[in-house]
Amino acid sequence: MLIIFCFISINILNLHLLSIKCNKPTNKHDKMSKQKKFILPESEMPMQWYNIQADMANKPLPPLNPATHKPLKAEDLFHIFSEECCRQEFDQTHAWIDIPDEVADMYKYYRPTPLVRAYALEKALDTPAHIYFKNESTNPLGSHKINSALAQCYYCRQEGTTNVTTETGAGQWGAALSYAARVFGLEAAVYQVKISLRQKPYRSILMRTFGAEVTGSPSMSTRAGKDIITRDPMHQGSLGTAISEAIELATTTPHCKYTLGSVLNHVALHQTVIGLEAEKQMEMAGEYPDTVIACFGGGSNFGGITFPFMRHNIKDGAKTEYIAAEPASCPKLTRGVFEYDFGDEAGYTPLLPMFTLGHGFKPANIHAGGLRYHGAGVIVSQLLKDGLMRGVDIPQSESFDAGLLFARTEGIVPAPESCHAIAATIREAEKCKESGQQKVILFNLSGHGLIDMTAYEQYLNGDLIDYTISDEAIKANIDKVPKII
């Protein structure tokens, strides 16, 4: 540890002497570091979140009232979300939003998280690429989700809320929300996608350990759940079904608010602490990324790592490429359409302008439960339309191939969701090997997979299945989407 501290201290001193500014791209090959891990001092932790909406040339379209198709305002959602989160959701003016002191104090329990040079993975791939990953698996909850859970529960507590409810897929968000609710003295109710609850029983136990009530979705405890089960008694659940149930509970229970783990603008906003730290850490490494990659479900983890870097593309003409890695079985970015659609299956949410497969889409039962969502967040959808990023789809077997290689080289078992980002990184590193280009690739390791070992067991036993969806099936779902755009 003393050696690492000395190296970090020398790097910080050199950066100071060279007057390198942390908010601008540097020459990526000015100084090639031999360090493995880059750890910011606590004093360098970001004290503001970055709101990319303020810098976007084409602002995201507004959410619409599903009955009138009129644009909504922040106050129209106060009965669902905390008021401050609603204001952040609609804020297209302020590029920087202060992190509340109580939230920043809680961040210090586990932040800043390390940036790591993946030397062993580079060697295994025999690539000239320099591969870095931001390790969000090191916090006690095991994933990036806690960054927004703490903020949302703090705002709810400040406004007099006593109960919070949410949905969760694989359970990372549910675990984070359950813990954050306990921190701020709130009661939590979590609707977990039924198939994920069966595949990952330890995540529901983790939520219950923190004091949350956990219900498999769809359930018979809400009108939305009953209607879904009536239509399809064998429904295995989706994030869309769980969202419907959580929103119904929030809107019918006094002093209860709904919290969301991805998709919406304010959630991605809270996650930008990841990219803001990574910016400073890449400078410590003496490099700047040519490519930034993250797995993609609704967009919070992708936005968290990419948006702080992307502002340099928007404002300064930087040429960094941004890749969102989604499952081939749920390909909204690569095969969906841009249209106003509901964020849930029952149609309780506002209409959101998103790339979607249709809110009635039933995703395959892949182990990356956090990526089984029919739509993309509105900011990411606009950025994709504007050509500032691109999506790639990854088959389940390729994602686990990548996860196993990462585990055997870097010693970290990644979450099935994160395996998609690793697979996309390997694709880019292999392109570098073919072309001889020495690119710098940064990806977000959004969480560890230590509670996902049943998935690895199936993979190692040869029992995993690659799911594909036909163009006809996608069209049938999309045809049911309201045609507003």
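Helices and strands here are DSSP runs, numbered from the N terminus. The model shown is predicted.

View 1. Glu42 sits in the loop that links strand S1 (37-38) to strand S2 (48-50). Its relative accessibility is 45%, so Glu42 counts as partly exposed.

**View 2. Strand S6 and its partner S7.** Strand S6 covers residues 163-168, and five of these six residues are buried, so the strand is largely enclosed by the rest of the structure. S6 runs parallel to strand S7 (residues 187-193), and six bridges join the two. Within this pairing, Asn163 stands opposite Glu187 of S7.

**View 3. The seven-stranded open sheet.** The strand order is S1-S4-S5-S15-S10-S11-S14, and the pairing is mixed. S1 and strand S14 (390-394) are at the edges with a single partner strand each, so one side of each has no neighbour in the sheet. Inside the sheet order, strand S10 (residues 291-295) and strand S11 (residues 321-327) run parallel and are joined by five bridges. Val292 has Tyr322 in S11 as its bridge partner.

View 4. The side chains of Asp227 and Arg223 form a salt bridge, with an N to O distance of 3.3 Å. Both residues belong to helix H9 (residues 223-231) and are four residues apart, about one turn of the helix. Asp227 has a relative accessible area of 31% and is partly exposed. Arg223 is also partly exposed, with a value of 47%.

View 5. Arg390 and Glu321 meet through their side chains in a salt bridge of 2.6 Å, N to O. Arg390 is in strand S14 and Glu321 in strand S11, so the pair ties together parts that lie 69 residues apart in sequence. Arg390 is partly exposed at 27% relative accessible area, and Glu321 is partly exposed at 23% relative accessibility.

View 6. In the salt bridge of Glu398 with Arg427, the closest N and O atoms are 2.9 Å apart. Glu398 lies in helix H16 (residues 396-410) and Arg427 in helix H17 (residues 416-435), so this pair ties together parts 29 residues apart in sequence. Glu398 is partly exposed, with a relative accessible area of 23%; Arg427 is partly exposed, with 27%.

Methods:
Residues numbered from 1 in each chain as written. Predicted model: local features only at pLDDT ≥ 70, side-chain atom pairs only at ≥ 80, totals over all residues. Heavy atoms only, no water. Buried < 20%, exposed > 50% of the residue type's maximum accessible area, 1.4 Å probe, protein only. Pairing = 2+ DSSP bridges. Salt bridge = Lys/Arg side-chain N within 4 Å of Asp/Glu carboxyl O.
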